[in-house]
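Welcome, and please have your viewer ready. We will go from one selection to the next and look at what is there.

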Amino acid sequence: MERSHITTREVEGRGVCAFAAKSFSAGDIVLLERALVVSALGAPGNLNRDLWFALAQLERSNQVPAFEPNQHMGALAALRDLGPAVCRAKLLTKTVGDEVALPSAAEARRDARVLRQIVSNGTLGQSAGSFTPGEYARLRQVMKVNGFRFNAALGKDDHGYDMGEVVFDRVSRINHSCEPNVTFHVSWSEEYNTMINSIVAARDMELGEEVCISYLPLSMPAVQRRRDFQRHWGFTCDCLSCQRDSAESVVPVVSRAVQAVEIVKSIIIAEDDMNSSASSEVGVCWDDLHDPIVVG
């Protein structure tokens with residue numbers, strides 16, 4: 001059974017935020033929510049695989065300018081499963097991170113050719129073609145910024161390992177904190193026949209307290225976390241934790257090479273310990289973000 005013990009409201013300068021609707025003890029379920037859209041290839045079923053193969057075939061056909069299928073999976077799955085009206089009402093109202101990250105009008109028209117071709121070949125219904133290039137560009141960014149990765153059915157060498165996202169309606173309103181008060185875990189539910197996200201109190205919480213998760217593993221070096229926040233979500237984290245950890249990472253130039261080696265080692269070790277489901281231990285979309293940090 002889905003559970004929700006959060007409320008949402010607009011906060012000036014920050015958009016819509018989530019708050020505790022009651023007090024919680026550590027370990028309590030704060031929110032248990034079914035996915036709104038599942039485009040990850042790691043999820044059971046063939047619909048997403050069929051969509052991915054259609055995109056791969058289109059990419060090889062040279063009918064449209066070169067594109068990355070992964071950048072279209074989420075938006076196309078949303079239009080397929082929800083339809084244009086629900087996408088406009090429930091998804092286009094969500095954050096896109098940095099508005100500057102949205103493509104130009106010319107780029108949006110170019111990218112929308114992928115949507116038009118997928119509709120024309122019958123992979124998506126004709127109604128999906130009503131989405132304008134600007135709407136489609138925004139939908140793609142919404143899926144990227146708000147999506148969780150789930151690849152449990154795939155291995156790193158499998159085709160489509162990094163394809164698609166899972167997006168949740170209410171969970172997407174939960175902001176980041178480097179000192180989160182809740183954890184999350186995305187898994188497949190046989191009961192609901194879809195993905196679910198379990199948001200659990202990491203400590204005791206008070207009524208009205210803002211609910212926050214960590215988008216990235218807190219074991220990741222602060223310098224890398226801050227870089228990846230900016231690159232993927234379009235914000236810079238200036239919390240006390242990041243400032244403190246970043247200050248501690250400042251070392252004399254002579255030792256920077258040694259520091260770089262140790263950081264890369266720590267990342268490799270962390271990746272070896274990770275499974276491929278999204279959780280607080282591995283982050284929202286860690287397989288997009290775990291490239292070696294550049295120090296210097």
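Keep in mind that this is a predicted model. Start with helices α2 and α3: their axes come within 11 Å and cross at roughly 45 degrees. That angle makes α2 oblique to α3. The crossing of these two helices, α2 and α3, is right-handed.

Now show the side chains at this meeting point. From α2, select His-72, Leu-76 and Leu-79; they meet Asp-111, Val-114, Leu-115 and Ile-118 in α3. Sorted by class, the contact of α2 with α3 has five nonpolar residues, one polar and one charged.

- On α2: Gln-71, His-72, Gly-74, Ala-75, Leu-76, Ala-78, Leu-79, Cys-87, Arg-88 and Leu-91.
- On α4: Glu-135, Tyr-136, Leu-139, Arg-140, Val-142 and Met-143.

Colour them by class, and the contact of α2 with α4 shows ten nonpolar, three polar and three charged residues.

How do α3 and α4 pack, and at what angle? Select α3 (residues 105-120) together with α4: the angle is about 85 degrees, and the axes are 9 Å apart. The helices α3 and α4 are therefore roughly perpendicular to each other. On the α3 side, the contact is made by Ala-108, Arg-109, Asp-111, Ala-112, Leu-115 and Arg-116. Facing them on α4, pick Pro-133, Gly-134, Tyr-136, Ala-137 and Arg-140. By class, this contact of α3 with α4 has six nonpolar, one polar and four charged residues.

Asp-111 of α3 is in the contact with α2 and in the contact with α4. Leu-115 of α3 likewise meets α2 and takes part in the contact with α4.

How many cavities of 30 Å³ or more does a search of the whole structure find? The search finds one, and the largest cavity has a volume of about 30 Å³. Select its lining: Val-64, Pro-65, Ala-66, Phe-67, Arg-110, Asp-111 and Val-114. By class, that lining has five nonpolar, no polar and two charged residues. Asp-111 turns up again here, as part of the cavity lining.

Terms used: Residues are numbered from 1 along each chain as its sequence is written. This is a predicted model: local features need pLDDT of at least 70, side-chain atom pairs count only at pLDDT 80 or more; totals for chains, interfaces and linings use all residues. Side-chain values use heavy atoms; hydrogens and water are left out. Contact means heavy atoms within 4.5 Å. Helices (H or I, at least four residues) and strands (E, at least two) are DSSP runs, numbered from the N terminus. Ala, Val, Leu, Ile, Met, Phe, Trp, Tyr, Cys and Pro count as nonpolar, Asp, Glu, Lys and Arg as charged, and the others, Gly among them, as polar. On a 1 Å grid over the protein atoms alone, a cavity is a set of points where a 1.4 Å probe fits but cannot get out, and a pocket is an open set with protein on both sides within 12 Å along at least five of seven lines; lining residues have an atom within 4 Å of a point. Grid points are joined across faces, edges and corners, and a volume is the space filled by probe spheres set on the points. Axes are lines fitted to C-alpha atoms, for helices over the stretch in contact, and angles run from 0 to 180 degrees between N-to-C directions. Angles under 35 degrees count as roughly parallel, over 145 as roughly antiparallel, 65 to 115 as roughly perpendicular and the rest as oblique. A crossing is left-handed if the near helix is turned anticlockwise from the far one by less than a right angle, and right-handed if clockwise.
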